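Good morning, everyone, and thank you for letting me take a few minutes of the meeting. Please have a look at the sequence and the structure on the screen before I start.

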Amino acid sequence: MLKWARVARQGTLRTASNPLGISAGLQSGLPSFFQESPHDSHGPQTSCFQSPHTAMHQQLLIQNGFQTSPHTSAWGPLWGQAPALDPFALVHTELESVSERLRRSVFTEIPALSTAAEYFFRLGAEGKRLRPTMLLLMASALSAASPSASFLQVDTRPPNVHPTEERRRQQRVAEISEMIHVASLLHDDVIDEATTRRGLKALNALFGNKVAILAGDFLLARASVTLASLRNTEVIELLSQVIEHLVSGEILQMTVADSELLSLDHYIKKTYFKTGSLMANSCRAIALLGGHPEPVCDLSWQYGRHLGLAFQFIDDLLDFTSSSSTLGKPALNDLKSGLATAPVLYAAQEFPELNPMILRKFKLDGDVAAAQKLVFRSQGIQMTRDLAAEHAGLAADAVSRMPPAQSEHAEQCQRALTAITERVLTRKK
Ligand code: FPP
Ligand code: MG
C-alpha cells in the first residue's frame, strides 16, 4: 500500500528551475500578499491572471487512484488500481467525538447563551465539517500510528485543562478551528443580514443581531481558552492571527476602493484572509503539535492555504450555478450584495460592459440579472473552475512532497487529503 505514496512522489516533476515540480503555467508571479507569510518559503507560484493549467492536479489524482477526463472535472475512482477512498469515512469516529466535545465545550449555565452558541454544532446542523476532517487526516497522515481507541472516545476534560497527549492537542486544534469558523459565520450573517444558513434560519434571524454577535464572541472566548490549554505560544499566535485575518478580510471586502474593485489580486488577497488563512494556519498548527520539522509544517500550511482558496473559488462559482435549496443559503447572493467574485471579474475581461456594473456594485435595477447573463455567456465560470483546479493541484502537490507515510493508515490519510482536493472541485454545495 505504501507504494501509492511513493509513486505519487516520484511522479512529481521537480527540476532545479522548477523546484515545485509544477507546470510552466503555474510558475509566474504570485500576488504580492502571498509572499508576506513567514511560512511561504517556496518562492514564485501562481498568478490568477494567467491561463490556468490543471495537468499536475490530474497527474496527481491519477497517481492517487482517481481517473480524470480532459473534458470534465468530474473525477471518479480508478477501480482496480486503488481502493475507493472516502476521506470523511476514514476519520468518522474521531470526527464524531470532536463534534460531541464541541457541543459540550460551548455549554454555559446561561441557557439563552448556550442555545445560541450551540446552534450550529447540533446534530444535523454541523455542515460539512471540512476543517476538522482535513485536520484529523493531516494529523494521521504525518503520524506513524493511527489514533488508539481511547482517543476516539470523547475527551471530557474542561477546555482549560492541558491535554498531555499529542493526539488530544491536535483534536483541540480541530475543535478550535471549527469554533472560529462558526463564530465568523455568526458575525458574517449579521453583516450580510442573512436569513438562512446551512438550510436553517440564520441565528440573527432567529434571535436577533445582538444575540448572534454575542454568541460569536462567546465562541471566540471558548476557543481562546481551549487554545491557551495547548500551552504552545506558536500555535496560540497562529490561530490568533487567523482571527485577525478573518476580520481583515471582511473589512477589506467592505471598504474596497474603486480602483481595486476590478482587481483579481485584491479578490484573491481577500479570499486568503477570509478562507485560506484559517485552513492554512490550522494545518500548520497540527504539524507543529506533531513535532514535525519546519519543511513539513510549511507543506501542511501550503496544503491548507491552497485547499482553502480552491474551496472558496468553487463557493463563489456555486453562487452562480447552484440553487438556494441546494446551497442552504440564498443563491446569487454575492451579486445581490454588490460583490464581484471570480466569475464576474473574469467575465468582465471578456465583456467590459460589466465594469460599470461592478463599480456601482450592481445597484441599478436590472444590474444583477444583466451581470448574471453576461457571466453565463462568458468563460467566467470555466475560468473560475480552472483557477480552483490550479490551487487544488497545488494542495495535492504539497501532500505529494510530504515525508513518506509511516504506516498503511498514514498512507490512506495522505491519499484522503489528495481526495479532498478533488472533492472540493466537484462539490455541488
Ligand atoms: C463568509 O463570507 C464569511 C467568512 C468566511 C468570514 C467572515 C469574517 C468576519 C465576519 C469577521 C469576524 C470574524 C470572527 C472570527 C468573529 P461570505 O459572506 O462571502 O459567505 P457566505 O455566503 O457563506 O455568507
Ligand atoms: Mg455572508
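Predicted model: local features only at pLDDT ≥ 70, side-chain atom pairs only at ≥ 80, totals over all residues.

The protein has 429 residues, and 57% of them count as buried. Its secondary structure comes to 19 helices and 4 strands. If we take the contacts between residues at least 6 apart in sequence, 73% of these contacts join residues that are at least 24 apart. The accessible surface comes to about 17200 Å², and 56% of that area belongs to carbon and sulfur atoms.

Let me turn to helix packing. Two packed helices are described by the angle between their axes and by the distance between those axes.

The pair I would like to show you is helix H4, residues 92–105, and helix H6, residues 130–141, which pack at an angle of about 125 degrees with their axes 10 Å apart. Because angles from 65 to 115 degrees count as roughly perpendicular and only those over 145 as roughly antiparallel, H4 is described as oblique to H6. The crossing of H4 and H6 is right-handed. Which residues meet here, in H4 and in H6? On the H4 side they are Glu94, Leu95 and Val98, and on the H6 side they are Pro132, Thr133 and Leu136. Sorted by class, this contact of H4 with H6 has 4 nonpolar residues, 1 polar and 1 charged.

H15 contributes Pro343, Val344, Ala347 and Glu350 to the contact, while H17 contributes Leu374, Val375 and Arg377. By class, the contact of H15 with H17 has 5 nonpolar and 2 charged residues, and no polar ones.

A further helix to find is H5, residues 111–118, in which Ser114, Ala116 and Ala117 are buried. What covers these buried residues of H5 includes helix H8, residues 203–207, and helix H9, residues 209–228.

Glu193 has a phi near 50 degrees, which is a positive value in a residue other than glycine, and Glu193 lies in the loop between helix H7, residues 166–191, and strand S3, residues 196–197. Leu332 also has a positive phi, of about 55 degrees, although it is not a glycine, and Leu332 lies in the loop between helix H13, residues 324–327, and helix H14, residues 333–336.

Is Glu193 buried or exposed? At 66% relative accessibility, Glu193 counts as exposed. Leu332, on the other hand, has a relative accessible area of 11%, and so Leu332 is buried.

At 2% relative accessibility, Gln302 counts as buried. Gln302 and Ala280 are 22 residues apart along the chain, and their C-alpha atoms are separated by 6.4 Å.

Technical notes: Residues numbered from 1 in each chain as written. Chains lettered and ligands numbered in written order. Heavy atoms only, no water. Axes fitted to C-alpha atoms, helices over the stretch in contact; angles between N-to-C directions. Helix = DSSP H or I, 4+ residues; strand = E, 2+ residues; numbered from the N terminus. Parallel < 35°, antiparallel > 145°, perpendicular 65-115°, else oblique. Left-handed = near helix turned anticlockwise from the far one by under 90°. Contact = heavy atoms within 4.5 Å. Nonpolar A, V, L, I, M, F, W, Y, C, P; charged D, E, K, R; others polar. Buried < 20%, exposed > 50% of the residue type's maximum accessible area, 1.4 Å probe, protein only. Areas by Shrake-Rupley, 256 points an atom, 1.4 Å probe, with all protein chains shown as cover.
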